[in-house]
Amino acid sequence: MIAAIILAVLVVLGVPLFIIIATSALYGFSSIDVDLSVIAIEIYRIADTPVLLAIPLFTLAGYVLGESKASERLVRLTDAMLGWFPGGLAVVSLFACAFFTALTGASGATIIALGAILYPAMKQAGYAENFNLGLITSSGSLGLLFPPSIALILYGVIAQQMDIGEKVAIDDLFLAGLLPGLFMLMLLTLWSMYKSTGMHIVRSEFRWSKLGAALLESIWEIPMPFVLIGGIYSGYFAISEAAAVAVLYVLVVEVVILREVPLKKLPDIMRDSMVLVGGVLIILAVSLASTNYLIDTEVPVRLFEFVKSKIDSQLTFLMLLNIFLLLLGMILDVFSALVIMVPLILPMAVGYNIHPIHLGIIFLANMQIGYFTPPVGMNLFIASYRFHKPVTELYTSTIPFMFILMAAVLVITYWPELTMYLVENKGG
Amino acid sequence: MNKRHIVRLIKAVNRIEDWLLISMLAAMVILAVTQIVYRNFSGGGVVWVDPLLRMLVLWVALSGAVIASRTDNHIRIDFFAKYISGKYYFYVKRVVHAYCVVICAVIAWYSIKFVQMDYEYETEAFAGVPAWITELIIPVAFGLMAFRYFLLLMSPPRSSKR
């Protein structure tokens with residue numbers, strides 16, 4: 001009990017999470033008289049997990065892509081394809097943001113890179129300020145469910161460590177995220193089309209010449225998603241190999257062919273991207289130790305028995321899970337939330353007959369909303385900083401989008417087939 | 001040793017950390033790519049490359065974490081700390097940094113024992129490389145992080161970026 005209070009105080013004071021998790025592991029192991037060098041053994045397990053290689057590689061690829069002008073080309077290309085649609089540029093923004101977030105992993109980058117282009121463009125086209133801000137802020141986390149989302153990889157890695165009987169393959173997670181992600185995108189598209197009927201918006205015309213020009217200028221980037229996704233789904237690449245191909249491809253295109261990222265800048269980009277990776281993986285490393293302690297002392301089992309004695313239906317459990325995850329997403333970023341909570345929640349969910357893959361998608365779908373839920377969603381602050389708007393204005397502008405995505409989360413949660421259909425019916 | 005020397009020393013350490021990280025990441029990219037090429041042309045990859053790549057992930061991750069400590073840039077929940085007023089915030093930060101020094105030092109200490117054990121048992125990691133060398137990064141990284149938090153404790157950054 002005292003230990004729990006001390007941990008809570010450390011959280012409130014703003015101690016880095018990896019220190020807090022390490023504290024609990026050290027405390028736990030010493031209380032059951034295990035030699036504390038066990039923590040080093042657990043940290044070393046980072047080097048025993050082959051898939052983890054994908055995380056630094058995809059992150060580096062994303063950072064390099066973020067430094068290039070790929071974002072501008074992506075917007076022009078999406079505009080040439082979808083700009084004539086009812087809802088015009090709003091729909092363009094949604095698709096471009098989802099795509100860019102999926103490719104770059106970290107969602108804060110999307111608002112900074114794409115927001116700079118889309119926000120003024122939408123303003124000029126006549127969209128209401130409030131709608132414009134809300135759309136861009138909430139689109140910043142849209143790609144979380146699409147491959148090669150780093151969050152999905154991390155969930156797979158943690159679930160594989162748990163040994164819960166069912167296999168959680170990362171390429172299955174990639175398949176599982178597709179339909180729920182598209183569903184969210186579709187709801188937001190419909191909403192944007194509906195909202196923009198009331199505004200006097202200049203829509204761009206569809207012209208083959210425009211599409212041709214946009215295709216031509218993006219000719220180097222277009223094959224990339226097909227190579228990666230195709231390679232992974234066909235089984236030709238392992239995930240970490242796809243990541244290596246992605247890095248090589250991005251470097252060759254942006255640094256050598258297009259020369260948009262100067263070679264001189266590359267060391268800084270490499271360092272900055274690895275500071276992010278290090279921050280996430282060190283939390284994973286120490287929590288391997290704390291999770292091991294929890295499992296040794298059967299905390300997840302006891303927690304499940306306790307919850308089971310209070311809640312007996314799967315439906316109630318899911319409902320409470322959604323509320324809990326939404327709150328969690330408000331104060332924790334997706335990576336730390338995964339590392340800390342999945343070891344506790346996954347055994348429970350399996351106990352309630354929820355498929356581990358389904359749980360992963362539910363988890364991330366909730367977290368995605370947490371990114372822009374007032375008062376502390378991270379993307380609200382990034383957008384506030386980027387567009388020089390008070391955070392309170394962003395609170396009001398994102399609310400309709402929040403409700404739409406919450407509705408989507410409910411559907412994703414209570415209709416498991418949406419998630420599992422592609423996994424269960426994959427080719428072969 | 002006066003203050004100027006210390007500043008110069010810290011800058012040198014910064015640069016060494018940066019370049020170690022960058023070269024390891026570059027090695028990781030090159031090895032991962034050549035491994036794929038190799039696998040496709042000769043049917044199988046080089047045996048020792050895969051464990052080396054996994055080791056590099058650990059080394060790159062911990063080095064990245066060390067650099068994150070330099071500017072106190074680790075993931076934390078700063079939801080509550082926002083409400084601590086400026087005057088107290090300064091003291092709170094000192095306590096937090098002192099606590100980080102202790103925990104990092106404890107982990108570094110026990111990791112040395114872990115490395116020592118594998119040194120004595122002459123455990124092999126892969127291709128004749130002794131395991132203790134691949135494990136060395138753990139005490140080194142946590143030691144460096146303890147050092148970083150000690151520096152932050154001694155001279156907190158002037159501009160309190162929150």
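Buried area is taken as the accessible area (1.4 Å probe) that two parts lose on being put together, summed over both. In the predicted model described here, chain B and chain A bury about 4,800 Å² between them, 82% of it on carbon and sulfur atoms. Arg54(B), Ile75(B) and Ile77(B) supply 15% of the area that chain B buries against chain A, more than any other three residues. Contact (heavy atoms within 4.5 Å) links 53 residues of chain B with 55 residues of chain A. Three salt bridges are found across this interface, a salt bridge being a side-chain nitrogen of Lys or Arg within 4 Å of a carboxyl oxygen of Asp or Glu. A salt bridge joins Asp35(A) to Lys113(B), with 3.1 Å between the closest N and O atoms.

The model is predicted, with pLDDT of at least 70 required for local features and 80 or more for side-chain atom pairs, whereas totals for chains, interfaces and linings use all residues. Residues are numbered from 1 along each chain as its sequence is written, chains are lettered from A and ligands numbered from 1 in the order in which they are written, and side-chain values use heavy atoms, with hydrogens and water left out.

The largest nonpolar core comprises 211 residues; such a core is a set of buried Ala, Val, Leu, Ile, Met, Phe, Trp, Tyr and Cys residues joined through side-chain atoms within 4.5 Å. Here, buried means under 20% relative accessible area, exposed over 50%, and partly exposed in between (1.4 Å probe, protein chains only). The residues with the most contacts inside the core are Phe18(A), Ile43(A), Phe58(A), Leu338(A), Phe363(A) and Phe142(B). Helix α14 (residues 266-296) of chain A gives the most to this core, with 16 residues; helices (H or I, at least four residues) and strands (E, at least two) are DSSP runs, numbered from the N terminus. Beyond its neighbours within four places in sequence, Phe58(A) is in contact with residues including Pro148(A), Ile150(A) and Leu228(A).

Asp72(B), in the loop between α2 (49-70) and α3 (86-121), is buried because its relative accessible area is 15%. Glu122(B), in the loop between α3 and β1 (124-126), counts as exposed because its relative accessibility is 68%.
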